[in-house]
Amino acid sequence: ESQMSDLRSAYIVAEDLALRNIEQELSIPLKRYITLERADFDAILISDELVKCLDVTFAVTPDISQEKINNILRKVDSFKKTLNRLRPNSKIVLMLILVTQLDATAEAELRSKVKNKFTQTPVDVDIRFYDFETLQRTFAS
């Protein structure tokens, strides 16, 4: 129970720091915790005709379940269909943000596995990796 509480807290912090980092990188504020019909994302970024859907995952093992990947892809597909009705000229990109607490070997394994799981998607995918400790040092100083 204590470990689950610690993991939940770490996930909340990791998600917030990763989204802050994206905002700084792109110099554009994000709209957080967005739901469009049944598709919910940790944040979206709207810039002209580009809509980026951000999904943050806190990875503590070098794998992401296929069930989670399928869930993300279903959300993106639903979001795309809805957005095509509301903003037909918009281009949609999934930005998958992976915050890790892995050693270099495990992270390399995760990078390889994730890349292979997103080869056929309904939208373009931008995968970003962040080290949790580096994010904490960046925003704590």
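In this predicted model, the side chains of aspartate 126 and arginine 128 are joined by a polar contact of 3.0 Å. Aspartate 126 sits in strand E5. Leaving aside residues up to four places away in sequence, aspartate 126 touches Lys52, Val93, Leu94, Met95 and Leu96.

Now let us step back to the sheet. In what order do the five strands of the open sheet come? The order is E1-E2-E3-E4-E5, with mixed pairing. Strand E1 (31-36) and strand E5 (124-131) are the edge strands, each pairing on one side only. From one strand to the next, the twist averages 35 degrees. In general, strands of a sheet pair through backbone hydrogen bonds, and the pairing can be parallel or antiparallel. Here, E2 and E3 run antiparallel and are joined by five bridges. Serine 47, for example, has leucine 50 in E3 as its bridge partner. Helix H4 (residues 132-140) lies across E3, E4 and E5, and runs at about 75 degrees to E5.

Next comes the inside of the protein. The largest nonpolar core has 25 residues, and those touching the most other members are Phe41, Phe79, Leu94, Leu110, Val114 and Phe118.

Phenylalanine 79 deserves a look of its own. Not counting residues up to four places away in sequence, phenylalanine 79 touches Leu36, Ala39, Phe41, Ile44, Val51, Cys53 and Ile92.

Finally, here is the whole chain. It has four helices and five strands, which follow the pattern α-β-β-β-α-β-α-β-α along the sequence. Along its principal axes, the C-alpha trace spans about 45 × 35 × 30 Å. Why does the radius of gyration of 15 Å agree with a compact globule? It agrees because a compact globule of 141 residues would have a radius of gyration near 14 Å. Of the 141 residues, 40% count as buried. Among contacts between residues at least 6 apart in sequence, 70% join residues at least 24 apart.

Note on methods. Residues are numbered from 1 along each chain as its sequence is written. This is a predicted model: local features need pLDDT of at least 70, side-chain atom pairs count only at pLDDT 80 or more; totals for chains, interfaces and linings use all residues. Side-chain values use heavy atoms; hydrogens and water are left out. A nonpolar core is a set of buried Ala, Val, Leu, Ile, Met, Phe, Trp, Tyr and Cys residues joined through side-chain atoms within 4.5 Å. Buried means under 20% relative accessible area, exposed over 50%, partly exposed in between (1.4 Å probe, protein chains only). Contact means heavy atoms within 4.5 Å. Two strands pair if DSSP finds at least two bridges between them. Helices (H or I, at least four residues) and strands (E, at least two) are DSSP runs, numbered from the N terminus. Axes are lines fitted to C-alpha atoms, for helices over the stretch in contact, and angles run from 0 to 180 degrees between N-to-C directions. A polar contact is a pair of N or O atoms within 3.5 Å; within protein, one must be able to donate a hydrogen and the other to accept it, and residues adjacent in sequence count only if both atoms are side-chain atoms. The radius of gyration is taken over C-alpha atoms; the globule rule is 2.2 Å times the number of residues to the power 0.38.
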